[in-house]
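Here are my notes for your first look at this entry. Keep the model open while you read, and check each point as you go.

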Protein chains: 4
Amino acid sequence: MAYFEGVGKINYEGPESKNPLAFKYYNPDEIVMGKTMKDQLRFAMSYWHTFTYMGNDPFGVGTMFRPWDNAECPMEVAKARVHAAFEFMEKAQIPFFCFHDRDIAPEGKDLAETNARLDEIVAVIKEEMARTGIKCLWGTTNAFSNPRFVHGAGTSCNATVFAYAAAQIKKAMEVTKELGGENYVFWGGREGYETLLNTDTGLELDNLARLLKMACDYAEEIGFTGQFLIEPKPKEPTKHQYDTDAATVLSFLRKYNLIDKFKLNIEANHATLAMHTFQHELNQSRINGVLGSVDANQGDLNLGWDTDQFPTNIYDTTLAMYEILLAGGFTKGGLNFDSKVRRASFEEIDLFYAYIAGMDAFARGLKVAAKLIEDKVFENFISNRYASYKEGIGKDIVEGKVGFKELEAYAMKNGITPNVSGRQELLESILNQYILETK
Amino acid sequence: MAYFEGVGKINYEGPESKNPLAFKYYNPDEIVMGKTMKDQLRFAMSYWHTFTYMGNDPFGVGTMFRPWDNAECPMEVAKARVHAAFEFMEKAQIPFFCFHDRDIAPEGKDLAETNARLDEIVAVIKEEMARTGIKCLWGTTNAFSNPRFVHGAGTSCNATVFAYAAAQIKKAMEVTKELGGENYVFWGGREGYETLLNTDTGLELDNLARLLKMACDYAEEIGFTGQFLIEPKPKEPTKHQYDTDAATVLSFLRKYNLIDKFKLNIEANHATLAMHTFQHELNQSRINGVLGSVDANQGDLNLGWDTDQFPTNIYDTTLAMYEILLAGGFTKGGLNFDSKVRRASFEEIDLFYAYIAGMDAFARGLKVAAKLIEDKVFENFISNRYASYKEGIGKDIVEGKVGFKELEAYAMKNGITPNVSGRQELLESILNQYILETK
Amino acid sequence: MAYFEGVGKINYEGPESKNPLAFKYYNPDEIVMGKTMKDQLRFAMSYWHTFTYMGNDPFGVGTMFRPWDNAECPMEVAKARVHAAFEFMEKAQIPFFCFHDRDIAPEGKDLAETNARLDEIVAVIKEEMARTGIKCLWGTTNAFSNPRFVHGAGTSCNATVFAYAAAQIKKAMEVTKELGGENYVFWGGREGYETLLNTDTGLELDNLARLLKMACDYAEEIGFTGQFLIEPKPKEPTKHQYDTDAATVLSFLRKYNLIDKFKLNIEANHATLAMHTFQHELNQSRINGVLGSVDANQGDLNLGWDTDQFPTNIYDTTLAMYEILLAGGFTKGGLNFDSKVRRASFEEIDLFYAYIAGMDAFARGLKVAAKLIEDKVFENFISNRYASYKEGIGKDIVEGKVGFKELEAYAMKNGITPNVSGRQELLESILNQYILETK
Amino acid sequence: MAYFEGVGKINYEGPESKNPLAFKYYNPDEIVMGKTMKDQLRFAMSYWHTFTYMGNDPFGVGTMFRPWDNAECPMEVAKARVHAAFEFMEKAQIPFFCFHDRDIAPEGKDLAETNARLDEIVAVIKEEMARTGIKCLWGTTNAFSNPRFVHGAGTSCNATVFAYAAAQIKKAMEVTKELGGENYVFWGGREGYETLLNTDTGLELDNLARLLKMACDYAEEIGFTGQFLIEPKPKEPTKHQYDTDAATVLSFLRKYNLIDKFKLNIEANHATLAMHTFQHELNQSRINGVLGSVDANQGDLNLGWDTDQFPTNIYDTTLAMYEILLAGGFTKGGLNFDSKVRRASFEEIDLFYAYIAGMDAFARGLKVAAKLIEDKVFENFISNRYASYKEGIGKDIVEGKVGFKELEAYAMKNGITPNVSGRQELLESILNQYILETK
Ligand SMILES: [Co+2]
Ligand SMILES: [Co+2]
Ligand SMILES: [Co+2]
Ligand SMILES: [Co+2]
Ligand SMILES: [Co+2]
Ligand SMILES: [Co+2]
Ligand SMILES: [Co+2]
Ligand SMILES: [Co+2]
């Protein structure tokens, strides 16, 4: 049974196409910097936003037309969703998916039944994976929606909730392994605080580290070799999320000696909620060697919540791909569309329009970024700009050969070499030209 | 010669006083939690905002009436400022001051003359310190105002500017030692970036670490035993300041093995620019053992720049003192008013009104915080809230005795103990009662 | 049947009381500025946040324990809620309530049934009102939660939705009249836009004006004499809400000649979402003669969404009451707690703690504001500050007797009289003293 | 004497050019929508940011190399700036300039001397205008930098300052007339407040209206036929600027019956400081018939102050030109680059790079916008979306033929016609394609 009957496979038709159901820039097999676009971009569908989000918001109920949800019993809905999801991914040429445990199967009356339900759906997913060749980019745990997590999961003040969360992660990790997931993500849904008046931040952060340590131990025990990823976010749902931004997570990982076990899953909208640019968070991840994977979406800087819009801003996609390529490209990670159609885009067809919009925006961004790197546009500029550290006193500084006394002597004798303009406006203009003219 | 002729010593007159030139809450010798208010609060005057800020802003020139600036030559002005500053501190009962090298003495034609000028003024300051008993809380370097630092100091792309900055810090550290400064502060004025298009963030951060390492070495060499402090700020003057917030600085210090050598100087307005509360930054510093000193001021959350207003919000002063007291109170640090009178408060007398406002706000905050701690208001609540980690499965978690398998077994068998309300509204109401009723 | 069995009437016990279920500052019959506190403050309960909000948020389902919701059929729940609500208001001494049509009765299969259900519940409410003496402050329409309003109600692109909204408002206005509601509120739930790419803002705003004009006509027709109020909000749920802030609504009302028919309902959290202070919005309403009523709550300026927290900040309550008293106090309006307990405050008892927190904060604010006005603290300062407009050239300016030529002649001859400090720090310090010392 | 010796006239070389001193998109004589690009865009140079801004910021002094400032006496500097400015405009092909009175001539010892200095420089400017054919887009008054305006100009608490401001505006208006300025701009530099504790907002706003009324009277008296423009801004330098945004200014103009005399000068960065998009402010101006002129620049939404960067974001320039074209294009207004080079772009050549960046970005934006309009991309979509208002019940609503009773009857009988998706993602994707593919 087909759920998207009126839609066939989305094909690449090129920049001149007026067909709304075609790619204008995403040409899966085209080679860019030595790999196919498909392999460079490693697009993934987010199961939650695409197949369980109904359009509800704090001021209104769901709006989405989702015929596959019409089955009466929750497990039948869950199975129908699997089939709809794989039909959608096939047609939209999306090679990966990402999921939370609770996206794919509804909770049962207790943890045992919940786990059994998960197994039942996992079997269906595996069939579909085998049939289509679509793979699992990553799995994760939803330890934030259920009321039991009202005070957090690993940072709950209630130790039995910590235990429950641990049990849930254990199972989700097993399921991710079963599905061949290449990564496992930790996003700290309710790991944060609402008010410091009732919170022991020290204990909560220690406990969070304990939980992650247990996860590392268990992965080793069961031979799960996927990459562990932490996804930073500064606020929402809690007032303060502990995994605020890349720097905060790095501080945490270093403090608790977890830095070798984890990389980061950088989300564009979470970056902007933290008052950083998307590129900034990718750049910081890159220079610290922890750029693992990316949640591709975009926020609205005039709005203060996580809008998770489909990414269409070409500057963002270009500069994101620029950092990713500089980091050597994806290995286990990919571009997961942690993006949802607007509440007013409630028709099934909008799912295709939205993914096409995002995939085309990243495809174009990839090509522009590759051209910028091939032409060494910014790299040469930067190399010249910092040339003073490659010789003389600069080289001595970098090599640790001088201290305050030597530098004072140098400054007393030589003063400074004149500074040169940073050329920001020229560089922005060149970036525009690359964006507009790259073919 | 007196510069504030119409004003005598500001005395404590109590909460009922209608005298605008009297303290209503700051009673220096009153004992609070085992120490005098004076010793608990360790108030310091910021030399820059109080004695060199003229009221200019991006849209207008200075407005301040500062008669001591009337001398013709810059060094005479500098000396007059010293006398005015100490007269002011004496009258306002401020026991400490903080300064940048360039606040106290103007630059000369080259570094040698600049350093000589600094020495000349330092001698005058030492006389005044001896006369009055006022001490130096901390010194620092202004390596951001001069055009040579347009691209940064320790993070400049120009190695000769790095050398110049090192020479400047060397001298400022010597001067701080000479003045008996109890701390030395690093605020990264232009250590950040304007655009990633022209910036090598990796090299810049490595260089910043190199500079700090050299500072540690030199301190050891000359026997400077003051505490090194880094002051986080997220933006302004640069688009992105590397020392973004407490977490970012901690990540940096841990990465470069500098964590044992530095503590933090937390500024209220920098906290809010980073979208944190002042209390949050103090709390994070406390639980990481790096709460060194405080820049006392307040920002305006509707404005996006560093307004550095005098702190008058009683919630902020209470919760700040609460964290400081929980951390054991100040040792070397103190409350430096990194605060400036509004551009429209341009009369000399406004300096007194402003410091009285800030000192009274913190004095009241201290008393409320002390009462909250004595009554264990929040501590008891928190202790009960996390009681599940003191026995049974919770204790096993904390002590590392269990892993995922044991916790899954526990959760399967026991489910969860019901959660209890976090009581935020009740706690906020109790806080109000303490603020309003503490005597 | 009692739903809050363990709780009796909340009484005033004064500032020293340690009883969490007592008022410390709200003393209903105490006279402040010539009226009882009860009559000055005119507290109202919000039906939605107090009796229908279940604690769901974008990342989780409801958490609230609400035993009155246990009935099986929706109409039985609705009736139980009425009884619970009036029991709550009686015990908490809240003299008014506010409601949306859809808060009190669930929708039926069509508009006719929906209206009939509304009538059935209204009858129950009227009984309870008669029994308790509690009154209706205002009613309103929920024309935003149902999917039919996905593109707006009065600003929908779908004319049949406009018609439906009109029908709904008609009925809600009738019901409000039936319940003796003293005001009727228009909050433009989804009256705004998501993207300008698909929006005809000109037509939408014209239509919104048409809808309000119809409302005025119908009120006249049925003799509804309650005050019409518009409640500004800048964003959420839509990206841009047309009724952005007080100034925007005033511009709209003036453009469409509706300025004589409407006043404003100012919400604290909506003010801060618009980057204004609560006091600013009240002040602008006051000087334009449109301060109608107030939605009492508070936001979190570090968060970018409408948190609708219970108001506990004493500065906000003081300065709000200051503007309200300067405007002559409430006539038809009041202080509606458009506030919800935090998701983690999920016990029934938290409703009492939260209302006590808010009522006490406003009671104290009222007393401080009254004292500030009685002592003419700010009024005298302001009167002196602007004295130059009461005589000479200033008087001529105000009376329209001079133009550019006369003023140029004046300036050429006289230059300017020196400016005087604005004394912001002193005034803030005095405000603190009043807040802390008012008894 | 030439100040930009190494630079010749900037010519159009097309999108493939690698010459940094050439236009890639701005082809002055190319016809777009029936006019030359030059006449559609009406680019203007801002005298202040381009020829008096020295690169100072709150944390540092000026950095700019500006050899024409080397003259010793201020009037010689002023004259040299005129020659440098016209050389620059000629070479960069900028047909207009905008100025504040105090940009072009320094203040003298009193108003009479100041005015005489202004006249002296105006004569020089007129010569250069005659020589080059460059015109004046608009003039304005700087009534915010001098300390006399510390409390405002038209909203000062000091009536003699009001008089002084009136005299200054009188002269600036005369000078603008003398120079053939097509508009006169009012930007309320310090017209706002710092704290409500010392401010009579009612009197201040009344006075501001009085000042504008006098300006209207005087313009009529001297026959100045330029368009009066008000430029909204929400904050900075004051905490709250009275001319907050387009809606606030419209409310003010309507309240004081000034709506027929003024249009708006919309600045991109001021829009974003007010939490609106640039397009939003232009759209609101358009639908209210007050889109007068534009200050072309861009802000940084992660920063909270007016960065006034050169506009390079192609989305912003496209959507701005889209609104401007829909409004019928510029008549008296134009695109004034109220933009400054970054402090680190301190070389003279950066002025060219920056203007080229901005002019090219707007030229491309113009072409994309024109193509979108020619193809009726969004117009057709919108026309269909609102089709229900062109017939039946929708037409009756628009024509005022129905009220609540008729609409209730309609809704009871017909319910609603199903809603259709808003298609935001598809529209964003189409916009991308137009931006990238328009030639
Ligand atoms: Co994500
Ligand atoms: Co997100
Ligand atoms: Co500071
Ligand atoms: Co600061
Ligand atoms: Co409200
Ligand atoms: Co609200
Ligand atoms: Co402007
Ligand atoms: Co600006």
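**Notes on the metal sites**

1. Start with D308(A). D308(A) touches H49(A), E267(A), N269(A), N297(A), Q298(A), D338(A), S339(A), K340(A) and R342(A), leaving aside residues up to four places away in sequence. Contact means heavy atoms within 4.5 Å. The side chains of D308(A) and H49(A) are joined by a polar contact of 2.9 Å. (A polar contact is a pair of N or O atoms within 3.5 Å; within protein, one must be able to donate a hydrogen and the other to accept it, and residues adjacent in sequence count only if both atoms are side-chain atoms.)

2. A word on the basis. This is a predicted model: local features need pLDDT of at least 70, side-chain atom pairs count only at pLDDT 80 or more, and totals for chains, interfaces and linings use all residues. Residues are numbered from 1 along each chain as its sequence is written, chains are lettered from A and ligands numbered from 1 in the order in which they are written, and side-chain values use heavy atoms, with hydrogens and water left out.

3. Where does D308(A) sit? It is in the loop between β13 (291-295) and α11 (314-326) of chain A. (Helices (H or I, at least four residues) and strands (E, at least two) are DSSP runs, numbered from the N terminus.) D308(A) is buried, at 4% relative accessibility. (Buried means under 20% relative accessible area, with a 1.4 Å probe and protein chains only; exposed is over 50%, and partly exposed is in between.)

4. Now E267(A). It is in strand β12 (residues 262-267) of chain A and is buried, at 1% relative accessibility. Its side chain makes a polar contact of 3.0 Å with the side chain of H270(A).

5. Check the record. An unreviewed UniProt entry places the feature "binding site" at E267(A), H270(A), D306(A) and D308(A). These residues spread over 42 residues of sequence, yet they cluster in space, with a largest C-alpha distance of 10.4 Å. UniProt annotations may be inferred rather than shown by experiment.

6. Turn to chain B. The protein donors of the cobalt ion (ligand 3) are E231(B), E267(B), D295(B) and D338(B), 2.0 to 2.1 Å from it. (Donors are N, O and S atoms within 2.8 Å of the metal, or 3.2 Å for Na, K and Ca; water is not among the atoms, so sites may look incomplete.) E267(B) bridges this ion and the cobalt ion (ligand 4), and the two ions lie 4.4 Å apart.

7. Finish in chain D. E267(D) bridges the cobalt ion (ligand 8) and the cobalt ion (ligand 7), which lie 4.4 Å apart. E267(D) is buried, with a relative accessible area of 2%.
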